[in-house]
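Look at the sequence and the structure first, then read on.

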Amino acid sequence: MAVETPVRSAGRTLRRQPSRPARAAGRLRLGGLWVKIVVGLLLIVEIYPLLWMFLTSLKSNSDYLNHSTWSLPTHWEWGNYTEAWTTGNIGLYLRNSLLAVLPSLALVLLLGTAAGFALQIMVWKGRSLTLLVFLAGMMVPPQMILLPLFTVYFQTGLSGTLWPLILTYTGTGLPLTVFMMATYYRSVPREMFEAATIDGAGILRSFWTISVPMVRNALLTVGLVQFFFIWNDLLIALTFTNNQDLRTVQVGLLNFTGDFGATQYGPLFAAICINVFGTLLIYLFLNQKVMKGLTSGAVKG
């Protein structure tokens, strides 16, 4: 802290101004206060909608329609979650989403990792042009390919199954996955693969035993990004699921109805909570590993 020393001059008492370190410390404290205020506001913006959605899922239909949307439930209807699972068929929609997302995600990661390895580690003519072709695929709007794909799936007899979703998700997810994996492979030391080649390892062995373990954090990061892209898709699923038994969770929530076709808001918000909090738990569980995958770009040895 600065020490103020009184100085008498011409009958007046002057006080020495606080030193520069004291002023800097004051500015730091003030800046820290503003940071805390901003963080608090961001937490409110993020957490309050989740809390409101959860409280709304415990309201009855009359409670939701006749009272303010910000009011607390008059009766806590925990049975809304049971009704959402049974009458609302949210369990069926979640199963369809898993059956469409998991195979698509596995194909995207396998093919994208192999393509990234071939484009950055292997040396062959035309690999730069091939990478540009994959990058061009990221610029194609999904709306442009829906009608041609629908015609192809109908003519090949794939309509009425989940295969149109799996194939479309795989095709639309590959450009971004190839780009990200190729970018990550640039930071992998080539000496590792050269030493493996000298020891007699082939391309497949170098890919599976050397490159895949080295990029596991990147695989987790890309896999989580693609999982949320595919899981939250509505346009593709709405186009290719013409059967109620094939609806994914997003399409099911869009057409969520209770008995006699009326919208039951309590079970609807309960189904939304099941979907949102489930994916939120996945992200929170894998958050640290995703951060490692985003920041890791070199191998220390």
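A residue is called buried when its relative accessible area is under 20%, exposed when it is over 50%, and partly exposed in between, using a 1.4 Å probe and protein chains only. The model is predicted, so local features need pLDDT of at least 70 and side-chain atom pairs count only at pLDDT 80 or more, while totals for chains, interfaces and linings use all residues. Residues are numbered from 1 along each chain as its sequence is written, and side-chain values use heavy atoms, with hydrogens and water left out.

**The chain**

The protein chain holds 13 helices and two strands; these are DSSP runs numbered from the N terminus, with helices being H or I of at least four residues and strands being E of at least two. Of its 301 residues, 34% are buried. A contact means heavy atoms within 4.5 Å. Among contacts with a separation of 6 or more, 69% are between residues 24 or more positions apart.

Helix 6 covers residues 142–155. The expected span of a helix is 1.5 Å times one less than its number of residues. For the 14 residues of helix 6 this gives 20 Å, and the end C-alpha atoms are 20 Å apart, so the two values agree. Where is the kink in helix 6 centred? The kink, of about 25°, is centred on P148; the bend at a residue is the angle between axes fitted to the seven residues ending there and the seven starting there. After helix 6 comes G157, with a positive phi near 80°.

T168 belongs to helix 7, residues 163–185. Is T168 buried or exposed? T168 has a relative accessible area of 3%, and therefore it is buried. Leaving out residues up to four places away in sequence, T168 touches L149, Y153, I236 and F240.

**Pockets and the cavity**

Rolling a probe the size of a water molecule over the atoms shows where empty space is left. On a 1 Å grid over the protein atoms alone, a cavity is a set of points where a 1.4 Å probe fits but cannot get out; a pocket is an open set with protein on both sides within 12 Å along at least five of seven lines, and lining residues have an atom within 4 Å of a point. Grid points are joined across faces, edges and corners, and a volume is the space filled by probe spheres set on the points.

| Space | Volume |
|---|---|
| Largest pocket | about 450 Å³ |
| Second largest pocket | about 180 Å³ |
| Largest cavity | about 40 Å³ |

The largest pocket has 17 lining residues, and P142, T172, G173, F229 and I236 are nearest its centre. Helix 6, helix 7, helix 10 and helix 11 (235–240) each give two or more residues to this lining. Helix 7 has the largest share, with six residues.

The lining of the second largest pocket includes F117, R190, E194 and S206. Two or more of its residues come from each of helix 8 (190–198) and helix 9 (203–214). Helix 8 gives the most, four residues.

One cavity of 30 Å³ or more is counted. The largest cavity is lined by S97, V101, Y169, I230, W231, D233, T248 and Q250. Helix 4 (90–120) and helix 10 (216–231) each supply at least two residues of that lining.
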